[in-house]
Each structure stands twice: as structure tokens, then as C-alpha cells.
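These are my notebook entries on one protein chain. I record here what I looked up, entry by entry.

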Amino acid sequence: MSRTAMRASEKDFENARNQLKLLMKDPGNEVKLKLYALYKQATEGPCNTPKPSMLDFINKAKWDAWNALGSLPKETARQNYVDLVSSLSPSSESSSQVKPAAANEKQPGSENIIVTSQDGITKIMFNRPTKKNAITTSMYKEIIHALKAASTDNSAITVFTGNGDYYSSGNDLTNFTDVPPNSIEETAKNASILLREFVDAFIDFPKPLVAVINGPAVGIVVTLLGLFDVVYASDKATFHTPFSELGQSPEGCASYTFPKIMGPAKAAEMLIFGKKLTAGEACARGLVTEVFPESTFQKEVWTRLKAYAKLPTNSLRISKELIRSNEKEKLHAVNAEECTVLQGRWLSEECMNALMNFVSRKSKL
Ligand SMILES: CCCCC/C=C/CC(=O)SCCNC(=O)CCNC(=O)[C@H](O)C(C)(C)COP(=O)(O)OP(=O)(O)OC[C@H]1O[C@@H](n2cnc3c(N)ncnc32)[C@H](O)[C@@H]1OP(=O)(O)O
């Protein structure tokens with residue numbers, strides 16, 4: 001029987017609702033929005049409630065998803081709901097394609113940030129590949145903690161890298177969308193405090209800090225590179241700071257470090273207009289130290305880093321201190337200013353619209 005000819009019964013619909021409660025894995029915000037919209041359409045018909053206010057992120061995303069279904073008949077919505085739930089169930093997962101990355105997904109007991117220490121190198125790895133290593137609030141806190149620990153451990157150098165195809169897609173945009181409307185201002189204030197502490201931890205880090213950029217990098221993980229001592233990139237890496245698109249503004253001291261590194265005009269192209277750079281372009285602008293072919297990237301980089309980590313530890317520290325110490329006071333002031341400006345941006349209509357677009361971008365069926 002063709003799919004269009006099929007009609008889910010009330011019983012199928014009820015079964016699908018129960019099956020949904022048993023799902024082991026969170027299907028993600030986009031799927032949840034689709035499910036919500038189909039459920040409302042199947043039970044109440046076309047969207048019939050007033051549009052929630054701009055500040056009411058979650059209800060507005062739900063409303064948008066429901067409203068996008070237009071006049072879809074109740075029976076079709078019911079069938080689509082049943083089909084969608086069935087596609088999420090464990091049996092269909094095992095019989096169809098489970099993406100290789102799923103093996104790396106956060107499981108109970110696994111970590112979104114993995115810290116290891118070996119061969120004189122402390123490695124801090126973003127480990128949330130199914131979300132392109134987007135950084136959640138708790139990951140910011142874990143990184144601050146990891147940097148504090150690495151600053152006094154036995155390692156000579158500290159390295160950041162990403163697990164999976166991305167280095168990191170930057171701030172997890174749902175940090176600002178899963179917020180009740182009456183606590184948005186408080187959330188923005190807390191985020192600004194956390195961001196300041198996070199960036200301060202990089203400014204004050206006393207040992208050589210190296211970034212091993214295994215794939216695309218977006219937002220804060222790009223701006224922070226101005227505070228790293230060495231940046232190695234695979235030729236499949238890209239560097240993107242889409243702040244204006246997001247109604248936001250630069251952080252990570254990039255408003256100061258980028259013009260110094262690449263000159264004001266090139267910095268403006270990235271930070272104001274969001275120009276995405278290839279690894280080669282980022283290297284030509286001085287943001288990246290060296291680019292390696294993807295096929296030999298890991299081998300070449302880690303061989304080199306292991307050799308560097310054998311150099312006298314105190315000498316490494318002292319040389320870094322000489323290079324960076326004159327700038328520290330300025331960098332802390334820049335960081336404070338950027339965080340204050342961002343706090344205001346996060347409450348702006350431009351930013352709220354951009355976040356809403358991200359959350360609901362795939363929910364329009
Ligand atoms: C304390 C607070 C401090 C705040 C500091 C501020 C920092 C500013 C920034 O960092 S700005 C940069 C923010 N990042 C972005 O704008 C990137 C947003 N993501 C994307 O544009 C795309 O996801 C992509 C280009 C990175 C990848 O696109 P692709 O089509 O290849 O993959 P998907 O979009 O399907 O992504 C797979 C799943 O990962 C989720 N995801 C990816 N990035 C983020 C993110 N930054 N925030 C939240 N979620 C992200 C995506 O939603 C998919 O999830 P799903 O499988 O559940 O649908």
C-alpha cells in the first residue's frame with residue numbers, strides 16, 4: 001500500500017504517543033518541534049492561538065512550527081506523526097542507518113569535554129560530535145576547570161581539539177532559547193559573567209596553548225584563537241564568525257586581537273561581515289600558524305607536538321610569559337567590555353530573531 005493511501009487510526013496515534021515516551025535518546029529540538037506541531041494539528045486542526053511574544057522563545061518556536069502546517073488535514077497530520085515516531089524508534093534505528101557519529105554521542109557516564117594527559121601534553125577535546133561540538137553552559141564551566149588544572153599539572157603544553165568532523169560550531173545556541181521568558185535578563189547576565197570568566201582563563205593561561213583545528217570552527221572557538229600561541233589546521237578546516245547574522249558582537253578579545261593579527265580591514269571582514277575563511281586564507285592572515293593536508297594532519301601535528309613537549313618546561317613558560325604579559329591588562333579590559341556589550345546584544349530583537357530562526361529552521365515541514 002502506498003504511504004499516501006495509508007491512514008493512521010486513533011489507536012495507532014495513541015500507540016505512537018506511548019512509544020514516544022519510551023524513546024531512550026533525545027530526538028533533538030527540531031524533531032520535538034515537528035512532533036509538537038503535528039500533534040496539535042492532528043488533535044486541534046490549524047493553528048488557532050495568538051502568536052506569542054518575541055521574548056517567549058520556546059512558545060514562539062512551537063507556535064511557528066504549528067502555524068507552518070497551514071491547513072494540513074488532521075488525518076494527514078496524524079499519519080505524519082505516527083510515521084515520524086516510528087522513524088525514531090530503536091527498531092527502525094537498528095534496521096536503518098545509525099550514523100557512525102552516534103557511537104560518540106553523549107552516553108550516561110561519557111563526557112562532552114575529554115581531558116587526557118600524555119607525553120607532556122594535556123589534551124582538552126570537545127566531544128559532542130552529533131551537535132558539531134557546540135559548547136553548552138556546563139562545557140564552558142568544565143573548560144574553565146580543565147584550564148585551571150592544566151596550568152599546574154606536569155604537562156609542558158596544552159592542546160585543544162575536536163572529536164568528529166567539526167572542531168566546534170561555537171556557542172550552543174540553545175543556551176539562550178531554552179529559557180523561561182521571565183528569566184531572560186538574568187540568563188543574559190549570568191552568561192556574560194560566565195563568558196568573562198571563561199575568556200579570562202585563556203588570557204591567564206601560563207603554558208603554551210595550541211589549537212589543533214580538525215574541521216570547521218565557528219564563533220567563539222575562532223575568536224579565542226587570538227589568545228592561542230600556535231594554531232595548526234587541517235586543510236578541511238574553515239573559520240567563521242557570523243556575529244552580525246546572529247545579532248551579536250565579537251567576544252574572546254577578537255575585537256582587539258584580530259585587528260592586531262591581520263590588520264583592521266581583514267578583521268572587519270570577518271568580525272563585522274562574517275566572511276568565512278578557508279584554512280589557507282586564515283593562515284595567510286596570520287590567524288593560523290600552519291595548514292596540513294587532511295590525510296596526514298593528525299600524524300604530522302601530534303609528532304611535532306610530542307617533540308615540542310620534550311623542551312624544558314620552565315623555559316616554555318617563561319618565553320610565553322615574555323610574549324604575552326605586556327598585553328594581559330589590556331586583554332582583561334577588552335574582555336570585560338565585550339561581555340558587557342554582548343549582554344545587551346543577547347536581549348536585542350535582532351539576536352532573538354536570529355536564535356528563533358536557528359531553532360525553527362528545520363521545523364517547517
Ligand atoms: C556562556 C555563553 C557564552 C556565549 C558566547 C558566545 C559565542 C558566540 C558564538 O559562538 S556565535 C556561533 C554560534 N554558532 C552558530 O551559529 C552555528 C550554528 N550551527 C550551524 O549553523 C549548523 O549547525 C552548522 C553549519 C554548524 C552545521 O550544519 P549541518 O547542516 O552540517 O549540521 P546540522 O545543522 O544538522 O547540525 C547537527 C546537529 O547539531 C546541532 N548544532 C550544530 N551547531 C549548533 C550550535 N551552535 N548550537 C546548537 N546546536 C547546534 C544542530 O541543531 C543539529 O542538531 P539536531 O541533530 O538535533 O537537529
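**Entry 1: helix α10.** The model I am reading is predicted. I began with helix α10, residues 264-271, and found that A267, M270 and L271 are buried. Viewed down the axis of α10, these buried residues fall within an arc of 85°, so they line one face of the helix. I recalled the general rule that an α-helix has 3.6 residues a turn, so residues three or four places apart point the same way. I then asked which elements the buried residues of α10 pack against. They pack against α8 (220-223), β7 (238-240), α9 (254-262) and β8 (277-278).

**Entry 2: the sheet with β7 and β8.** I noted an open sheet of 3 strands in the order β5-β7-β8, with mixed pairing. Its edge strands are β5 (217-218) and β8, each of which pairs on one side only. Between β5 and β7 I found 2 bridges, and these two strands run parallel. At this pairing, A217 stands opposite F239 in β7.

**Entry 3: β1 and β2.** I turned next to strand β1, residues 113-118. It is joined to β2 by 6 bridges, and the two strands run antiparallel. As one example, V115 has I124 in β2 as its bridge partner. The hairpin of β1 and β2 has 2 residues between the strands, and D119 in this hairpin takes a positive phi near 55°. I also asked how many residues of β2 are buried. In this strand, residues 121-126, the count is 5 of the 6, so β2 is largely enclosed by the rest of the structure.

**Entry 4: from β2 to β3.** K123 has V159 in β3 as its bridge partner. To get from β2 to β3, the chain crosses through helix α6, residues 137-152, and this β-α-β crossover is right-handed.

Entry 5: Is β3 enclosed or open to the outside, I asked, and how many of its residues are buried? I found 6 of the 6 residues buried, so β3 is largely enclosed by the rest of the structure. Both faces are covered: I157, V159 and T161 are buried on one side, and T158, F160 and G162 are buried on the other.

**Entry 6: from β3 to β4.** I followed the chain to strand β4, residues 209-213, which pairs with β3 in the parallel sense over 4 bridges. Here T158 has L209 in β4 as its bridge partner. With helix α7, residues 184-203, β3 and β4 make a right-handed β-α-β unit.

**Entry 7: cysteines.** I searched the whole structure for disulfides and recorded 0. C339 is in no disulfide, and the nearest cysteine sulfur, that of C253, is 8.2 Å away. A disulfide would need the two sulfur atoms within 2.5 Å.

**Entry 8: the chain as a whole.** I counted 15 helices and 9 strands in the chain. Its C-alpha atoms fill a box of roughly 75 × 45 × 35 Å along the principal axes. Of the 365 residues in the chain, 47% are buried. Among contacts between residues at least 6 apart in sequence, 76% join residues at least 24 apart.

**Entry 9: confidence.** The mean pLDDT of the chain is 89, and 90% of its residues reach 70 or more. Over residues 1-5, however, the pLDDT is below 50, and this stretch has 2 contacts in the model beyond near neighbours in sequence. Residues 91-109 also stay under 50 in pLDDT, and the model has 15 contacts for them beyond four places in sequence. Where pLDDT is low, the predicted coordinates should not be read in detail. For the complex, the predictor gives an ipTM of 0.99 and a pTM of 0.77.

Technical notes: Residues are numbered from 1 along each chain as its sequence is written. This is a predicted model: local features need pLDDT of at least 70, side-chain atom pairs count only at pLDDT 80 or more; totals for chains, interfaces and linings use all residues. Side-chain values use heavy atoms; hydrogens and water are left out. Buried means under 20% relative accessible area, exposed over 50%, partly exposed in between (1.4 Å probe, protein chains only). The arc is that of the directions from the helix axis to the C-beta atoms. Contact means heavy atoms within 4.5 Å. pLDDT is the predictor's confidence in each residue, from 0 to 100. Two strands pair if DSSP finds at least two bridges between them. A crossover is right-handed if, with the strands pointing away from the viewer, the path from the first strand over the helix to the second runs clockwise.
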